[in-house]
Amino acid sequence: MTRINGEPINLVISGVGGQGNILLSRLIGRSLLKKGYLVSIGETLGVAQRGGAVMSNIRISEKMPFGPLTPEGKAHLIVSLEPLETLRMLSRYGNPEVTTLTNFRPTLTVDVLTRKDKYPDYAALKQAIDTLSGTAFFLDATAMALKLGNPIITNVIMMGALIGLDMIPLTREDIEAEIKASFSADRAELNLTALAHGIDAIAAGT
Amino acid sequence: MSTIAGTTTGTREMMMGNEAIARGALEAGVQFVTGYPGTPSSEIVETVARSARETGVYVEWSINEKVAAEVAAAASFAGLRTLTAMKTAGFNVALDFLAHLGYSGLGKHGGSMVVVVCDDPEGHSSGDEADSRWFAQTEGAPLLEPDSPQEAKEMTTWAFELSEQFNCYVMVRSYTRLSLASGPVTLGRIPEIGKKAQFDTSQETISPYMPKPSHVRQHQRLASIRPLFERSRFNWYQGPEKPELLIICSGIGTRYSLEAVGALGLEKSVGILKLGTLWPFPTKLVAEHLARTRRVLMVEEVDPFLESHAKILAFDSPAVSKDLKIYGKDSGHIPAEGELNPSIVMKGLAELFGLDYTIREADYERKISTAVDKLLINRGVAWCPGCPHRASFWAVKQAIRKDGRDGFPTGDIGCYTLDVYPSGSQQIKALHAMGSGVGLASGFGKLAQFGLEQPVVAICGDSTFFHASIPGLINAVRNRANMVLVLLDNSATAMTGFQPHPGTETDILGEAAPVISTEAICRSIGCHVEVSDPFDIKGTTAKLLRLMKEDGTKVMIMRRICELVRMKEERTFPFKVWIDAEKCRGEKCSFCTRFFKCPALPWDRETGKAVIDEATCVGCGVCVEICPPGAIFREVTA
């Protein structure tokens, strides 16, 4: 993919509370700042972290610190840890050019458990995301994480996929350095493995 | 990882607004910091605490916000630089003291005191979206509102200087999209802390009495601050000499206004007057700008605070055009409720200029609408897998049902508040402020003489119990109210980030601290107290049922550590849990999924049978107890 030409670049990361989207926004924010970008991040904390729909707005500028929320319809790239949440973000920030990257591993809502709501048909959901995106990428990062023995690294696999797309001004080396600086040695190693799997998944043509 | 105090001067770091406020305090030489946790304010105190060992700053989580303000004020009376931080709901608690402190000032040799209040526009994590700025006016406190993490740091540092210079506390108003947002912050120097505490006993009593002369002094103080605010660098103007339209904004409204003007290409027609010093209102500065235009749009979160003052000022200013129109919340160009975003400002601005503002092409918009209507469902919040509250409320429900008198719980503020959501057991029938559950139950418990036969169960958490529930409980005992207090003790202030409280073994620095026993308090005031592990659902239900049938004020402590805290400490799964698909009755039963509602216990769409979600199950094993056909099994892990 080509680098996004935007001022600012609007990246949205979404998911379900507890999936770890905040770690991703922090790693990205710190790495970009080191490269001289002015980054603003707006995100959901507090009660929504208890299983609710969460999102981080990351706004990347070379000129000024923007406000932490993206205008409606103005996302360049949506990375989502859950497919329903991709659709939710598309409804708010989507446009015909937007690229989406989705961990296609549905997390049922509690209203679905109680039969109050119906989780959308998976194929229909995928189709809708595809239709509403300029380009849509799907992978099952949760399955990859379980295979690696730890579902907690799903988010970092998605980070790898994001880096693999090469759409924001960050390289693999930038994020690797940030991971090494942010974690203890053993946790860094696990996260670097996760990152590599995400990058490889994109390279293999997800 | 290095702490916030360990970073190098002059470097630029990504910081949350709350971290920037903490850093600003450290750069002002803050010595003493207090607060009570509450989203979106908690990280201010926590950030200072993380560096407390290297900086020597005293930090405490106080029992509630009023005490936090009092503790901080005492340190300022003794000459120290102090800060207290709280969310708006807690600010209401602190106001009882702060209202009087606004009159009295900080004493003869006072240091400085900064009060940071974090509003929650949209009420993301609150029961209200109240605008605290009005209270600065009521209490006579100077008020600053930053627009970014960088400015939050600089303003906080300046707030200490102001406080020291004018001998009063200074209020810094933050809000969710600053406190919890992150942005670049350039770091300054952290000074050595030198000042010793000393209280001057020769001075007059520090007190608002007599109120009238104190009020006069307060007004004089504000009058002497105003000229400083008129020329503060935190207020600035950008735009043409005589703008066709003037935006007056503060806080996050500034960032969105800058973006909106740029996006609509209105740089040559629209001027932006950004205000950072809000009270005392910089009247001269604003009047000058009002005189140069005929149309004004006010952009602020949440209430029309600046808008009201701008309108009053326009009425009083002879140089202002008679045709001047001030638009904003009153005119409906900016919504009167909820948080701002750039699109809101773009829409309001476009309307005033008669411009077309469409977010997306009609064709794409139609596709979005179709997908949303057909596929998008709400994702409500829920208790985590393994959360003790799910089991506790299950027991409460069983006990109320078995009691058979149509009993009901009153609720309180914490993770257990989630009971009112569809993901909870939806039993709580009244829910307000910290401690209100007990106060309400104390009232319901006195209604027998008027014919009320329903038993009432108040539910509160451990941190909430210490914060505000004790007076209500004493009130109930003293007035012989019939009620049960169910105290959900998960050994943390869980909702706001697992902070310690007077019942936990360590303090904010992780050091051993005296533990105050909830049982001992309840027993000492005369309550019959029972303690139970909520994961023993049957035993807990039976105990609660017995208490509900007794006369008087009783307490049932349901004790089990927050699952997120336990998992972080132990990193173990107590049980391996599985479902026997043969025994599961699937859709015909679906009792576990419909009523127990654990996110880690969904069901298979093809077979209709319950399944364990291996990615989220923490192995608490409680679901084994509630499965009617006994199809769920658990085995202790090695």
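Colleague: Is C168(B) buried or exposed?
Modeller: This is a predicted model. The relative accessibility of C168(B) is 3%. The cut-off for burial is under 20%. C168(B) therefore counts as buried.

Colleague: Which cysteine has the sulfur nearest to that of C168(B)?
Modeller: C168(B) is in no disulfide. A disulfide needs two cysteine sulfur atoms within 2.5 Å. The nearest cysteine sulfur is 20 Å away, and it belongs to C118(B).

Colleague: How far is the sulfur of C387(B) from the closest cysteine sulfur?
Modeller: C387(B) is buried, at 12% relative accessibility. The closest cysteine sulfur is in C384(B). That pair is too far apart for a bond, because the separation is 6.1 Å.

Colleague: How many disulfides are there over all chains?
Modeller: The rule asks for sulfur atoms within 2.5 Å. By this rule, the count over all chains is 0.

Colleague: Now the sheet. What is the strand order in the open sheet of 5 strands in chain B?
Modeller: The pairing in this sheet is mixed. β9 (236–238) and β14 (325–327) of chain B stand at the edges. Each has a single partner strand, so one side of each lacks a neighbour in the sheet. The order is β9-β11-β10-β13-β14.

Colleague: What is the average twist from one strand to the next?
Modeller: The value belongs to the open sheet of 5 strands in chain B. From one strand to the next, the twist averages 20 degrees.

Colleague: Which residue is the bridge partner of L246(B) in β11(B)?
Modeller: Strand β10 of chain B covers residues 245–250, and strand β11 of chain B covers 270–275. They pair in the parallel sense, over 6 bridges. In β11(B), L246(B) is partnered by G271(B).

Colleague: At about what angle does helix α11 of chain B run to β11(B)?
Modeller: Helix α11 spans residues 283–290 of chain B. It lies across β9, β10, β11 and β13 (295–299) of chain B. Its angle to β11(B) is about 175 degrees.

Colleague: Across which strands does helix α13 of chain B lie?
Modeller: Helix α13 spans residues 342–352 of chain B. It runs at about 170 degrees to β13(B). The strands it lies across are β10, β13 and β14 of chain B.

Colleague: Elsewhere in chain B, which residue of β8(B) is the bridge partner of M16(B)?
Modeller: Strand β1 (residues 12–16) of chain B runs antiparallel to β8(B), with 5 bridges joining them. β8(B) is mostly covered, with 4 of its 5 residues buried. The partner of M16(B) in β8(B) is S182(B).

Colleague: How many of the 16 residues of α15(B) are buried?
Modeller: Helix α15 covers residues 388–403 of chain B. From first C-alpha to last it reaches 23 Å, close to the 22 Å expected. The helix is largely enclosed by the rest of the structure, because its buried residues number 13.

Colleague: Which residue takes a positive phi just after α15(B)?
Modeller: Its phi is about 75 degrees. The residue is G404(B).

Colleague: Where is N167(B), the residue other than glycine with phi near 60 degrees?
Modeller: Most residues other than glycine have a negative phi. N167(B) has a positive one. N167(B) counts as partly exposed, at 23% relative accessibility. Its place is the loop between α7 (149–166) and β7 (170–175) of chain B.

Colleague: What is the relative accessibility of S491(B)?
Modeller: S491(B) is not a glycine, and its phi is positive, about 60 degrees. It lies in the loop between β17 (483–489) and α18 (518–524) of chain B. S491(B) counts as partly exposed because its relative accessibility is 34%.

Colleague: Which residue does a cis peptide bond join to W279(B)?
Modeller: Most peptide bonds are trans. Here omega is about 0 degrees.

Colleague: What is omega for the cis peptide bond between Y209(B) and M210(B)?
Modeller: M210(B) is in the loop between β8 (182–186) and α9 (211–230) of chain B. Omega is about 0 degrees.

Colleague: Which residues of chain B does T114(A) touch?
Modeller: T114(A) lies in the loop between α3 (110–113) and α4 (122–132) of chain A. It is buried, at 16% relative accessible area. It touches T593(B), R594(B) and K597(B).

Colleague: How far apart are the C-alpha centres of domain 2 and domain 4 of chain B?
Modeller: Domain 2 covers 236–352, and domain 4 covers 572–636. Their centres lie apart by 56 Å.

Conventions:
Residues are numbered from 1 along each chain as its sequence is written. Chains are lettered from A and ligands numbered from 1 in the order in which they are written. This is a predicted model: local features need pLDDT of at least 70, side-chain atom pairs count only at pLDDT 80 or more; totals for chains, interfaces and linings use all residues. Side-chain values use heavy atoms; hydrogens and water are left out. Two strands pair if DSSP finds at least two bridges between them. Helices (H or I, at least four residues) and strands (E, at least two) are DSSP runs, numbered from the N terminus. Axes are lines fitted to C-alpha atoms, for helices over the stretch in contact, and angles run from 0 to 180 degrees between N-to-C directions. Contact means heavy atoms within 4.5 Å. The expected span of a helix is 1.5 Å times one less than its number of residues. Buried means under 20% relative accessible area, exposed over 50%, partly exposed in between (1.4 Å probe, protein chains only). Domain bounds come from an automatic or database domain assignment. Lists of a residue's contacts leave out its neighbours within four places in sequence.
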